[in-house]
Amino acid sequence: MERPPDALKSFADRIARTAVANDASQLVHLLQLSGLMGGDGNLKDVQSLADEASDIHYAKTSNIWHEGDIGIWEPRIEGGNTVFVRRLDTLEEWVHWANIGRIEAKGSKRRVLFMGESVARGYLYDPDFNPGMALQMILDRQFGEGEIEVIDLARTNLGYQIQELAIAARQLEPDIAIIFAGNNWCNTAPAFTDVVRIDKALASEGMAGVKRVSEEYIERTGTSVVRNIALAYKEKGIPLVWIIPEFNLGDWRDPVTNAPYLPDNLNVEWLGLYEQAQAALNNGDPETAERLALRMVEIDHGTVVTGFYILAECRKLAGDVEGARTYLESARDANSWDSSLTFVPKPYSITQRLLRRESKSCGFEVVDLPALFKQYLNGGIPDRRLFVDYCHLSSEGMQIAMGAAASFVLRALKGDEVPWYALISDQIAPSNKTEAEASFLAAIHDAHRWQSYEVVLHFCRRALALSPHMIDLMLSYMELQTRSAAPIHMSQPEENILRVGSPLIHHYLFSNNDVRLDRLLLDAIVQALEEAGVPAQDRLDRIRREEHSLKDQEIDLLGYYFYSAAQQPQELEGAYWPAGRFDYDVRYYRAYQPYSRFIFVGEAECAVDLTLTCRLPKPAPREGKITIELNGEPQVEIPVSTDWTSWNISLPGEAVRDGLNEILMRWPMPKFESAEALSQVTLKLCQRKFPDLYPIFGEIHTFKAAGGQPVGITMPEVQTESSLIEVA
């Protein structure tokens, strides 16, 4: 008789405890998830759970991919040959692929298959320039034009589905195949077996266990995908090369967060260490900062980036490049478990390691970009020279990667040994106009993903240096983001952008841009323009004042346009949770930091009236005080409790500046009930809702600002939960 796995016993104990507690709704969810009471549970028997290799699950293919197709191309017989033609009913997917209407049957040309995700697609450069084009240009020089063809099957947003695409693509009879993938290998919505593992890991290890389970899923699924692809190509005798992706370690910084729930009230210690470490670093004492950050990582078990970034900076100041690299890699890997922020594609260390390991056991070649880029940079850390964001390559990065890939093609198809550095050339590059527009798109993309002012300014400066037409584009974009008089697709700024920009700008900007106050980005654009001799600051200040001043209107400080400028991504994404993820039953603002920041456009000497409804989270001390500051100066202190309370507050005109003003709300230290919070994680997952994994400092239902006269502070109005039931 088979003994049930420990993980299943732990989950069975939870079901028993829930039944004893007479919590009918939670019991039903648990039973449904397990498959014992209908629902979508996928546990067939105990042995299937014990078999680690059997529970590989992800969205196998796009809903509109058909068996026998290669992605969006379907087979047709023409003149006795099989060609692949792009299906019209996949029109919505065309934007993710190369603009290829048909793929002809294999002829006399040597054929190279090139597959992968957005990094292979050439994000922000494509369709003007991309890795497939660079590879074709390099190979044409070696084989002669018309003697070899690169079939570009790279698709944006491709994850583990690379398996289905690669296996289907063997129908094209390639002489060699190159895969550039691994950045999108992450966790998916957990199935029953995953929830069982998470439940057991939480009980025994806390959040460190959740991270371990997440990494095990990535390793298990990635290994299965790689082995299946390698076997399929080995059976056909087709040489396979896999490009191991690298990450922008030098420049990219994931949003800094507090630690998730920690045991034994360690969250209080962690917050104190963080504050002291930042102060030490700012005061020129990296030795103290390093000691404090090491303790942070010790107690958070590497589940957040915060301590690692401090340690990397300390090692950088000490001149220890390899030490800094190690900590930056740890920071990249830290939040592999965390779905509370928008996923940033990246190659985790586990992905890079499994690709190296499987290449040896399965017999395929690899282009090891981490090693290659280190060689190219003479031991330096990869940064904006090779990347435009987190993982997408600059044109320089594409040249190096494709030079190395071409070296393997020459060895496999011609028997020639040509090193990668002998294959790259300045002529294998986009035009200056394309490079300039890609740099500006990088500035926008990076700013909207919470990157530093210095990085955003770099790409703005680069864009202007490469092409003068960027002046009109930047000025028009500044107005596009700031003016609200006309709908975005009927505005004069958009017409100007369509007139001045190339299809590259049209392709990325209008499909991905979201209108926001854009404090950091527009300030960087203005500085770059002013440095180039183009007046822009007065223009931006005037438009902001005309469109958004509080003098004659009321604004919602929690609205996306204004709140996105606060540079608090965890709070923003919590309030505007995308519909494509788990349900998130909280629809009001939650503070994940000891402070909350809000931005408005004011006019000097004009008072500001605030309307605020807030509370402390439960459980918490029944009462506490919050302090409200304006532009760094304390203005008022008000009592709050765990009940919703409404306040009308007036800020004096002498505290208000012309232009952008910053309100800072400081919350009292909460009571960290980690055990209680983590006990709810499994139940939330059973309900297909996103669980609370981070402590909450405060909650806001309403926060509005308007121009007004000084009236002091009104007495609070206490509101019950039921009166706020329709929270948007």
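# Buried polar residues and helix pairs in a predicted model

Of the 728 residues in the chain, 57% are buried (under 20% relative accessible area; exposed is over 50%, partly exposed in between; 1.4 Å probe, protein chains only). This is a predicted model, in which local features need pLDDT of at least 70 and side-chain atom pairs count only at pLDDT 80 or more, while totals for chains, interfaces and linings use all residues. Residues are numbered from 1 along each chain as its sequence is written, and side-chain values use heavy atoms, with hydrogens and water left out.

User: How many helices and strands does the chain have?

Analyst: Helices (H or I, at least four residues) and strands (E, at least two) are DSSP runs, numbered from the N terminus. On that basis the count is 26 helices and 18 strands.

User: What share of contacts in the chain between residues at least 6 apart in sequence join residues at least 24 apart?

Analyst: A contact means heavy atoms within 4.5 Å. Among contacts between residues at least 6 apart in sequence, the share joining residues at least 24 apart is 76%.

User: Is glutamine 352 buried or exposed?

Analyst: Glutamine 352 lies in helix 13 (residues 349–362). Beyond four places in sequence, glutamine 352 touches Ile244, Pro245, Glu246, Arg332, Pro347 and Pro370. Its relative accessibility is 5%, so glutamine 352 counts as buried.

User: Which residue's side chain does glutamine 352 join in a polar contact of 3.5 Å?

Analyst: A polar contact is a pair of N or O atoms within 3.5 Å; within protein, one must be able to donate a hydrogen and the other to accept it, and residues adjacent in sequence count only if both atoms are side-chain atoms. The side chain that glutamine 352 joins at 3.5 Å is that of glutamate 246.

User: How are helix 16 and helix 17 oriented, parallel or antiparallel?

Analyst: Helix 16 (residues 432–448) and helix 17 (residues 453–466) pack at about 160°, with axes 8 Å apart. Axes are lines fitted to C-alpha atoms, for helices over the stretch in contact, and angles run from 0 to 180 degrees between N-to-C directions. Angles under 35 degrees count as roughly parallel, over 145 as roughly antiparallel, 65 to 115 as roughly perpendicular and the rest as oblique. Helix 16 is therefore, relative to helix 17, roughly antiparallel.

User: Which backbone oxygen does the side chain of glutamine 451 reach?

Analyst: Glutamine 451 sits in the loop between helix 16 and helix 17. At 3% relative accessibility, glutamine 451 counts as buried. Asp251, Trp252 and Arg253 are among the residues it touches. At 2.8 Å, its side chain reaches the backbone oxygen of arginine 253.

User: What angle do helix 9 and helix 10 make?

Analyst: Residues of helix 9 that meet helix 10 include Leu266, Trp270 and Leu273. Helix 9 (residues 266–282) and helix 10 (residues 286–300) have axes 8 Å apart, and their packing angle is about 155°.

User: With which residue does the side chain of glutamate 479 make a polar contact of 2.7 Å?

Analyst: Glutamate 479 is part of helix 18 (residues 470–482), and its 14% relative accessibility counts as buried. Leaving aside neighbours within four places in sequence, glutamate 479 is in contact with Pro493, Arg539 and Ile543. The side-chain partner at 2.7 Å is arginine 539.
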